[in-house]
Amino acid sequence: MHFSAHKGNLVAGIIAGIVENEVVTALRTAIPRLGNPWNMKRVYLCSSGFGAGIVFWIELLSMQFIINTMRLFLFFVPAALLMVLFGTESTGVESYASRITAPSLKEKVSVLASDSLEGRETGKPGQHKAAAYIRSHFENIGLPGPANNDFFQSLNLYQSEQGEAYVKVDGKIFEHAGQVVYYGKADSKGEVTLPLVYAGLGRDEDFNTINVDGKAVLIRIEDGRIYNLPEVAKARQYGAKMVLVWNTDTESAFNILADQAREYVSRERPSLQKPKISAPNAGSFVVSPGLVETLTGIAPGKLKAISRQDPAGSPLSKLNPVTISYKTTMGIKTVETENVLGYLEGTTLKDEVIVISAHYDHIGVSASGNGDRINNGADDDASGTAAVMQLAGAFADAKRDGRGPRRSVLFIAFTGEEKGLLGSEYYADHPVFPMENTVINLNIDMIGRRDPQHEESKPYVYIIGTGEETSSLNKFSEYVNEKFCKLEFDYTYNEKEHPSRLFYRSDHWNFAKNGVPVIFYFDGIHGDYHKPSDEVDKIEFDLLARRSQCIFYTAWEAANRDKRIVLD
Ligand SMILES: [Zn+2]
């Protein structure tokens, strides 16, 4: 064999005389893309049949043909492979999903759930540090910040803050949560001094025998009630300016109320609305039994007996009024915090937006307890936040490769979730992209662990918010699972009115209430929920990666399918 090509004839010796060029021309016309493969070499086959001399001229495919064929292969085979991998069916989604790995997730969860972030409580330094970390990730992967060209959507939360509250008698001050407990949200605008009268059991027949107009009133509540007292309302009707309530018989019983009052202040939740400050003299003071005697100069036993006498004899009017002072101040504390947003613009359907979200705040440091008091929130919800960051990275890679999604994708790390879904409520009230253009919200809250029901199960995730098995949303989610994820989808909590009410308990609710289809991904309630033991070393990172990839596939499909998902 030799490799030089020359035009030859396709001739069988026994059919000598056929003009080979005609054949070549015909073949060239028939198979134009083969170029000029008919550079042949002659092979003489001698048949040794009956007598020598019969010669077959067979022009076989020349080496040039083989080279050309190989060239074609070199072009078509990779092209065919690319079509399989990146064709209309999947456009390379697996290669991007595979970049969401257990180590990359672990790196992010470890930062977010480190002790230095002190449990990421909304408004605290650890929360702001987490926000900065997420922002720098979005920045590094090349996503723009869509909130007025910023990654932060800043919001203020408000918390009423009780200042001073005291009752003063004979120059001695009795503070709130000491021997008095103030129930109310009023600012008295300075110290108020008034005569104090005893109104017994606070009935009409009591008020009819004394004048309480413009005065402070002490009322005895015999059965220990404390909230929404009609006796207090009645005193106000008769013109009392301030009401003191005496409803306990022992100091220890009163101290329980004082303890609760201290707790209440420290646990009060912030809100998006400024709390209302009541009229200057609103509210009431509950006083300890010991203070009753200090205030009135009369032993509690004697006062009780007087309150039980027949009001017709006007026993209350025989007591001398004393003078007391009181003061209440009320401030409003502003808590500054921020949602963190990264945006990936779509191609042909860019006005439609997929929102992938997780909350990055947690519950901070426990006020009491032995040992570790930092609630790291590795599962709740550093796991979901890390997933959002990694999904953003995978989408950004795809876009850089010219394979970005048709619809836009908005990545949101929400603040204030643990305070009552406040970051997502704010977003829903101030959406960066209109809610009606928001195609779906995939919300992730706790996806790094197993609950006791799934200790031995194959990889699973709870799916919440997809509605009936036959709904378009559920079918879509199932289709993605079957095609890509192969996870066990657990629908235990999917029913909206399931007693756990999980449908209402994470940020997706603020999208669902606006008619946006939502899928909430969740791993279940485990023993470390909202405890300092929700630590990084308890996360199953392989499982976290599987679930994160599944959410990526779901987002990818939602972003690229022809028709947007609708609720039915
Ligand atoms: Zn959570």
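Helix α4 (residues 102-112) packs against helix α11 (residues 378-400) at an angle of about 130°, the axes being 9 Å apart. Because of this angle, α4 is oblique to α11 (angles under 35 degrees are roughly parallel, over 145 roughly antiparallel, 65 to 115 roughly perpendicular, the rest oblique). The crossing of α4 past α11 is right-handed. From α4, the residues S104, L105, K108, V109 and L112 meet A378, A382, S383, T385, A386, A387, M389 and Q390 of α11, contact being heavy atoms within 4.5 Å. The residues of this contact comprise eight nonpolar, four polar and one charged.

The model is predicted, with local features needing pLDDT of at least 70 and side-chain atom pairs pLDDT 80 or more, while totals for chains, interfaces and linings use all residues. Residues are numbered from 1 along each chain as its sequence is written, and side-chain values use heavy atoms, without hydrogens and water.

The whole structure holds 21 salt bridges (a side-chain nitrogen of Lys or Arg within 4 Å of a carboxyl oxygen of Asp or Glu). Three of them are tabulated.

| Pair | N to O distance |
|---|---|
| R203 and E205 | 4.0 Å |
| R450 and E540 | 2.9 Å |
| R501 and E497 | 2.8 Å |

R450 lies in the loop between β14 (438-444) and β15 (460-464), and E540 in the loop between β17 (518-522) and α15 (541-560), so the pair links parts of the chain 90 residues apart. E540 is partly exposed at 33% relative accessibility (buried is under 20%, exposed over 50%, partly exposed in between, with a 1.4 Å probe and protein chains only). R203, at 27%, is partly exposed, as is E205 at 38%. R501 is partly exposed at 39% and E497 at 46%. Salt bridges with shared partners join R99, D397 and R400 into one network.

Conventions
Axes fitted to C-alpha atoms, helices over the stretch in contact; angles between N-to-C directions. Helix = DSSP H or I, 4+ residues; strand = E, 2+ residues; numbered from the N terminus. Left-handed = near helix turned anticlockwise from the far one by under 90°. Nonpolar A, V, L, I, M, F, W, Y, C, P; charged D, E, K, R; others polar.
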